[in-house]
Amino acid sequence: VDPIPTTPAPSDGATSTADGAAPTLPPGDDDEEDDEGEPRDRLARGMFAAEWWEGGKGPKGCDTGRAFDADGGITATPAVTTQEPLLLFPRADHAGWQHIFASPVPGVGPDFCARFRQRVRLPAGELRFVYRKDDGLRLFLGDRLVVDDWEYVDDNEHTVTVTNPTAGEVLVTVLFRDTSGGATLYVKLLR
(Lines give C-alpha, C1' and ligand atoms only; values in the text may rest on other atoms or scores of the structure.)
Protein backbone atom coordinates (compact mmCIF):
# COMPACT_ATOMS: atom_id res chain seq x y z
CA VAL A 1 0.00 0.00 0.00
CA ASP A 2 1.41 3.39 -0.99
CA PRO A 3 1.23 5.75 2.01
CA ILE A 4 1.68 8.89 -0.06
CA PRO A 5 -1.52 10.95 0.06
CA THR A 6 -3.37 11.26 -3.21
CA THR A 7 -6.44 13.13 -2.04
CA PRO A 8 -5.42 16.67 -1.14
CA ALA A 9 -7.00 18.96 1.40
CA PRO A 10 -6.29 22.13 -0.56
CA SER A 11 -6.80 25.62 0.71
CA ASP A 12 -6.67 27.36 -2.66
CA GLY A 13 -9.26 25.44 -4.67
CA ALA A 14 -6.91 22.79 -6.01
CA THR A 15 -8.42 19.54 -7.17
CA SER A 16 -7.26 15.93 -7.51
CA THR A 17 -8.58 13.13 -9.65
CA ALA A 18 -10.13 9.99 -8.20
CA ASP A 19 -7.28 7.90 -9.64
CA GLY A 20 -4.83 9.56 -7.26
CA ALA A 21 -3.23 12.01 -9.67
CA ALA A 22 -1.34 14.93 -8.23
CA PRO A 23 -3.26 18.07 -7.31
CA THR A 24 -3.80 20.65 -10.03
CA LEU A 25 -5.26 24.13 -10.06
CA PRO A 26 -8.95 24.49 -10.93
CA PRO A 27 -9.90 25.82 -14.38
CA GLY A 28 -9.46 29.56 -14.67
CA ASP A 29 -6.99 29.65 -11.75
CA ASP A 30 -3.82 28.44 -13.44
CA ASP A 31 -1.81 31.59 -12.85
CA GLU A 32 1.37 31.53 -10.81
CA GLU A 33 0.22 34.11 -8.23
CA ASP A 34 -2.37 34.17 -5.48
CA ASP A 35 -5.00 36.89 -5.10
CA GLU A 36 -2.47 39.18 -3.35
CA GLY A 37 0.06 38.85 -6.21
CA GLU A 38 2.38 36.56 -4.23
CA PRO A 39 3.85 33.47 -5.91
CA ARG A 40 1.79 30.33 -5.28
CA ASP A 41 3.30 27.58 -3.15
CA ARG A 42 2.83 24.46 -5.27
CA LEU A 43 3.35 22.24 -2.22
CA ALA A 44 0.42 23.77 -0.29
CA ARG A 45 -2.11 22.14 -2.64
CA GLY A 46 -2.19 18.68 -1.10
CA MET A 47 -1.24 16.57 1.89
CA PHE A 48 2.19 15.26 2.78
CA ALA A 49 2.70 11.72 4.05
CA ALA A 50 4.79 12.41 7.16
CA GLU A 51 6.88 9.82 8.97
CA TRP A 52 8.54 10.66 12.31
CA TRP A 53 11.43 9.03 14.19
CA GLU A 54 12.91 9.59 17.62
CA GLY A 55 16.53 10.77 17.78
CA GLY A 56 18.70 13.51 16.40
CA LYS A 57 22.48 13.02 16.24
CA GLY A 58 24.80 10.32 17.52
CA PRO A 59 24.43 6.54 17.77
CA LYS A 60 20.63 6.68 17.79
CA GLY A 61 20.38 9.62 15.45
CA CYS A 62 19.10 10.17 11.96
CA ASP A 63 22.59 10.67 10.53
CA THR A 64 23.55 7.02 11.11
CA GLY A 65 20.99 5.50 8.74
CA ARG A 66 18.74 4.54 11.66
CA ALA A 67 15.67 6.21 10.13
CA PHE A 68 16.41 6.71 6.44
CA ASP A 69 19.31 6.55 4.04
CA ALA A 70 20.87 9.41 2.09
CA ASP A 71 18.71 8.54 -0.94
CA GLY A 72 15.47 9.16 0.94
CA GLY A 73 14.55 5.52 1.56
CA ILE A 74 13.59 4.39 5.05
CA THR A 75 15.74 1.97 7.03
CA ALA A 76 13.44 1.61 10.06
CA THR A 77 9.74 1.74 10.79
CA PRO A 78 8.71 5.26 11.82
CA ALA A 79 7.50 5.81 15.39
CA VAL A 80 4.54 7.88 14.16
CA THR A 81 2.93 8.64 10.80
CA THR A 82 0.71 11.63 10.07
CA GLN A 83 -0.55 13.68 7.17
CA GLU A 84 0.53 17.31 7.03
CA PRO A 85 -1.12 20.00 4.88
CA LEU A 86 2.07 22.08 4.59
CA LEU A 87 5.70 22.15 5.64
CA LEU A 88 5.64 25.10 7.99
CA PHE A 89 6.83 24.38 11.52
CA PRO A 90 6.40 25.51 14.20
CA ARG A 91 2.89 26.87 13.74
CA ALA A 92 0.11 27.65 16.18
CA ASP A 93 -2.50 25.35 14.58
CA HIS A 94 -0.30 22.22 14.62
CA ALA A 95 -1.20 19.47 17.08
CA GLY A 96 2.34 19.19 18.45
CA TRP A 97 5.03 21.35 16.85
CA GLN A 98 3.76 24.73 18.07
CA HIS A 99 7.10 26.24 19.16
CA ILE A 100 10.77 25.56 18.37
CA PHE A 101 11.39 23.39 21.46
CA ALA A 102 8.21 21.29 21.16
CA SER A 103 7.89 17.62 20.41
CA PRO A 104 6.65 17.55 16.79
CA VAL A 105 4.02 14.84 17.34
CA PRO A 106 2.87 12.74 20.31
CA GLY A 107 5.21 9.79 20.74
CA VAL A 108 8.33 11.53 19.39
CA GLY A 109 10.63 13.72 21.50
CA PRO A 110 12.04 17.14 20.64
CA ASP A 111 15.18 15.65 18.98
CA PHE A 112 13.81 13.83 15.94
CA CYS A 113 13.86 13.28 12.22
CA ALA A 114 11.09 13.13 9.66
CA ARG A 115 10.36 12.33 6.04
CA PHE A 116 7.62 14.17 4.12
CA ARG A 117 6.41 13.02 0.70
CA GLN A 118 3.86 14.33 -1.76
CA ARG A 119 3.14 13.80 -5.46
CA VAL A 120 2.96 17.12 -7.26
CA ARG A 121 2.21 17.92 -10.90
CA LEU A 122 4.99 20.26 -12.03
CA PRO A 123 5.73 22.13 -15.23
CA ALA A 124 8.99 21.71 -17.11
CA GLY A 125 11.55 24.46 -16.54
CA GLU A 126 12.98 26.37 -13.64
CA LEU A 127 11.46 25.97 -10.17
CA ARG A 128 12.41 27.81 -6.98
CA PHE A 129 12.50 26.05 -3.63
CA VAL A 130 12.50 28.38 -0.66
CA TYR A 131 13.35 26.77 2.66
CA ARG A 132 14.40 27.40 6.22
CA LYS A 133 15.64 24.62 8.46
CA ASP A 134 17.18 23.97 11.86
CA ASP A 135 19.01 21.53 11.67
CA GLY A 136 19.25 19.49 8.44
CA LEU A 137 17.27 19.15 5.20
CA ARG A 138 17.53 17.08 2.03
CA LEU A 139 15.07 17.58 -0.81
CA PHE A 140 14.44 15.23 -3.73
CA LEU A 141 12.48 15.60 -6.98
CA GLY A 142 11.79 11.99 -7.83
CA ASP A 143 15.08 10.23 -7.16
CA ARG A 144 17.17 13.34 -7.86
CA LEU A 145 18.69 15.10 -4.82
CA VAL A 146 18.26 18.84 -5.46
CA VAL A 147 19.04 20.24 -1.98
CA ASP A 148 21.59 18.69 0.39
CA ASP A 149 21.76 20.98 3.43
CA TRP A 150 22.10 18.28 6.09
CA GLU A 151 24.39 20.08 8.55
CA TYR A 152 23.31 23.05 10.62
CA VAL A 153 24.85 26.27 9.37
CA ASP A 154 22.12 28.79 10.05
CA ASP A 155 18.35 28.99 10.14
CA ASN A 156 18.11 31.72 7.52
CA GLU A 157 15.85 31.47 4.49
CA HIS A 158 17.54 29.89 1.47
CA THR A 159 16.46 29.83 -2.17
CA VAL A 160 17.54 27.18 -4.66
CA THR A 161 16.64 27.16 -8.34
CA VAL A 162 16.40 23.76 -10.02
CA THR A 163 15.39 22.66 -13.49
CA ASN A 164 12.59 20.17 -13.90
CA PRO A 165 13.34 18.51 -17.26
CA THR A 166 9.80 17.39 -18.13
CA ALA A 167 6.29 18.36 -17.11
CA GLY A 168 4.29 15.83 -15.13
CA GLU A 169 3.76 14.23 -11.77
CA VAL A 170 6.84 14.17 -9.51
CA LEU A 171 7.34 12.72 -6.04
CA VAL A 172 8.70 15.48 -3.77
CA THR A 173 10.54 14.09 -0.72
CA VAL A 174 11.87 16.18 2.14
CA LEU A 175 14.13 14.62 4.78
CA PHE A 176 14.55 16.63 7.99
CA ARG A 177 16.45 16.20 11.23
CA ASP A 178 16.75 18.13 14.46
CA THR A 179 19.76 17.17 16.54
CA SER A 180 19.23 19.39 19.59
CA GLY A 181 17.77 22.70 20.66
CA GLY A 182 15.09 24.44 18.64
CA ALA A 183 13.63 23.00 15.44
CA THR A 184 12.38 24.97 12.45
CA LEU A 185 11.26 23.81 9.02
CA TYR A 186 9.47 25.32 6.10
CA VAL A 187 9.64 24.45 2.44
CA LYS A 188 7.87 26.20 -0.41
CA LEU A 189 8.00 25.47 -4.14
CA LEU A 190 7.50 28.48 -6.39
CA ARG A 191 7.66 28.82 -10.17
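## A buried lysine, an open sheet and an aromatic cluster

A polar atom of the Lys133 side chain lies 2.7 Å from the backbone oxygen of Asp135. Welcome to this structure, which is a predicted model.

**Around Lys133**
- Lys133 belongs to strand β5.
- With a relative accessible area of 1%, Lys133 is below the 20% limit and therefore counts as buried.
- Its side chain also makes a polar contact with the side chain of Asp149, at 3.3 Å.
- Leaving aside residues up to four places away in sequence, Lys133 touches several others, including Glu151, Tyr152, Asp154, Phe176 and Leu185.

**The sheet**
- Six strands form an open sheet in the order β2-β1-β4-β9-β6-β7, and their pairing is antiparallel.
- The edges are held by β2 (80-84) and β7 (144-149); each has a single partner strand, so one side of each has no neighbour in the sheet.
- On average, neighbouring strands of this sheet are turned by 20 degrees against each other, direction ignored.
- Strand β1 (residues 48-54) runs antiparallel to strand β4 (residues 112-122), and 6 bridges join them.
- Within this pairing, Ala49 stands opposite Arg117 in β4.

**The nonpolar cores**
- The largest nonpolar core has 32 residues, and Trp52, Phe116, Leu141 and Val187 have the most contacts inside it.
- At least two residues of this core come from each of β1, β4, β5 (125-134), β6 (136-141), β7, β9 (168-178) and β10 (184-190).
- Strand β4 gives the most, with 5 residues.
- Another core lies apart from it; this one has 8 residues, among them Trp53, Ala67, Trp150 and Leu175.

**Aromatic residues**
- The structure holds 9 aromatic pairs.
- Trp52 and Trp97 form an edge-to-face pair, 6.2 Å centre to centre with 75 degrees between the planes.
- This pair links distant parts of the chain, 45 residues apart: Trp52 is in strand β1, and Trp97 is in the loop between β3 (88-89) and β4.
- Both Trp52 and Trp97 are buried.
- Trp52 also forms an edge-to-face pair with Phe116, at 5.3 Å centre to centre and 90 degrees between the planes.
- Here the partners are 64 residues apart, with Trp52 in strand β1 and Phe116 in strand β4.
- Phe116 is buried, with a relative accessible area of 0%.
- One aromatic cluster is formed by Trp52, Phe89, Trp97, Phe112, Phe116 and Phe176.

How values were computed:
Residues are numbered from 1 along each chain as its sequence is written. This is a predicted model: local features need pLDDT of at least 70, side-chain atom pairs count only at pLDDT 80 or more; totals for chains, interfaces and linings use all residues. Side-chain values use heavy atoms; hydrogens and water are left out. Two strands pair if DSSP finds at least two bridges between them. Helices (H or I, at least four residues) and strands (E, at least two) are DSSP runs, numbered from the N terminus. Axes are lines fitted to C-alpha atoms, for helices over the stretch in contact, and angles run from 0 to 180 degrees between N-to-C directions. A nonpolar core is a set of buried Ala, Val, Leu, Ile, Met, Phe, Trp, Tyr and Cys residues joined through side-chain atoms within 4.5 Å. Buried means under 20% relative accessible area, exposed over 50%, partly exposed in between (1.4 Å probe, protein chains only). A polar contact is a pair of N or O atoms within 3.5 Å; within protein, one must be able to donate a hydrogen and the other to accept it, and residues adjacent in sequence count only if both atoms are side-chain atoms. Contact means heavy atoms within 4.5 Å. Rings of Phe, Tyr and Trp (its six-membered ring) pair if their centres lie within 6.5 Å; planes under 30 degrees apart count as stacked, over 60 as edge-to-face and the rest as tilted.
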